[in-house]
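Keep the viewer open as you read.

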Amino acid sequence: MNLEELYEKALKLIPLDVDEGATLYESAPVEELMFVANKLRQVHNPGNITGWMIDRNVNITNVCFSQCSFCNFCRKKGSDDAYVTSLDDYKRKVDELYLLGGDQLLLQGGMNPGLDLNFYLDLFRNLKKLYPALKLHALGPPEVVYLSKKEHMQYSEVLSLLINAGLDSLPGAGAEILSDRVRKIVSPGKASTDEWLAVMREAHKLNLPTSATMMYGHVETVRLRDLQTEKPENHFGFITFIPWPFQDEGTVLLKEHGVRSSYNGPDYIRMIAISRILLNNIRNIQASILTVGKEIGMLSLHAGANDLGSIMIEENVVSAAGSNNRFTAIEMQSIIKEAGFIPGRRNQKYEAFYPPAP
């Protein structure tokens, strides 16, 4: 295929098919992909603002029956260090979050057989009662699938109850790679590809903002684009896409299967650019500075990304697998400025930019 023709097609926002995307990923020079993706960033997000935010990732529980082979964080039921976060712990963590200028909790954790839907409904209601302005970016499609099966309810029913209890947005967690062949290896206990997509389809009908993540390195993006075309007009749908590389330190994938992360900087830049080019109906592309670090994060902003995510006051899963990239609010803004952009502190819905943090 002629690369120039593919670039021209992409710049006209004409969807590329799988073969065309694969050709770009495998054959196009990374500097050309960066150039095209940067132009497309300006189409979707005119100007020079790069988004960032302050939130805190609190794990509801570390007990999970899924036992994904890339996760060092989860524990089996009955483990000595198994836990469920208490309300008092939430109060302490939220108070710290507020002191640091944040207003959102990313609530995730394992699929704990001991926790039912009422547990999550009570948790969300209690947190909203204590902190009415708190935003809950919580759970994910695998948890919704699990709770639906446990309660013998439809996805839409579970999602509606969670929204009424205080859920503000749904993370795209648990996607890993939307290929059942791969999922059977890395996360056999989680929702299938079709189940993950079905939950997101129902969330979009309910106008619940969602994100989509992709852990790679052990290009699946077209199925997300197709689902985005189905969302009702003026509904949020997928508000952002976040690719992040597999962190291998101490994981079952490494210890038992010898699978090391294939991540490298140029490859991540290529992935960011391809994501911007192929996902022509998802406005925001977020670089995972938590997993790739400052320098690659900065380069990503010139390769189609328009957001660096959160300073992530607390994070347990990828850090347990070797990631140690953590930044303060001041450092995050400095990184964005050093890359040549204007820091714009945002909310989870990408609706508005707050004044700069102190």
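Lys294 is partly exposed, since its relative accessible area is 27%; here buried means under 20%, exposed over 50% and partly exposed in between (1.4 Å probe, protein chains only). Before going further, please note that this is a predicted model, in which local features need pLDDT of at least 70 and side-chain atom pairs count only at pLDDT 80 or more, while totals for chains, interfaces and linings use all residues. Residues are numbered from 1 along each chain as its sequence is written, and side-chain values use heavy atoms, with hydrogens and water left out.

Glu338 forms a salt bridge with Lys294, with the closest N and O atoms 3.1 Å apart; the term stands for a side-chain nitrogen of Lys or Arg within 4 Å of a carboxyl oxygen of Asp or Glu. Because Glu338 lies in helix α14 and Lys294 in helix α13, the pair ties together parts that are 44 residues apart in sequence. Helices (H or I, at least four residues) and strands (E, at least two) are DSSP runs, numbered from the N terminus.

The axes of α13 (residues 289–300) and α14 (residues 329–338) come within 9 Å and cross at roughly 35°. Such axes are lines fitted to C-alpha atoms, for helices over the stretch in contact, and angles run from 0 to 180 degrees between N-to-C directions. Ile289, Lys294 and Met298 of α13 meet Met332, Ile335 and Glu338 of α14, where contact means heavy atoms within 4.5 Å.

Now turn to the open sheet of 3 strands, which has the order β2-β3-β4 with parallel pairing; two strands pair if DSSP finds at least two bridges between them. β2 (56–59) and β4 (135–138) stand at the edges with a single partner strand each, so one side of each has no neighbour in the sheet. Between β2 and β3 (residues 104–108) there are 4 bridges, and Asn59 has Gln108 as its bridge partner in β3. Helix α5 (residues 117–130) packs on the sheet, touching β3 and β4.

Finally, look inside. The largest nonpolar core has 88 residues, and Leu24, Leu105, Leu107, Phe124, Leu162 and Ile277 touch the most other members. A core of this kind is a set of buried Ala, Val, Leu, Ile, Met, Phe, Trp, Tyr and Cys residues joined through side-chain atoms within 4.5 Å. Leaving aside neighbours within four places in sequence, the contacts of Ile277 include Ala10, Leu24 and Leu40.
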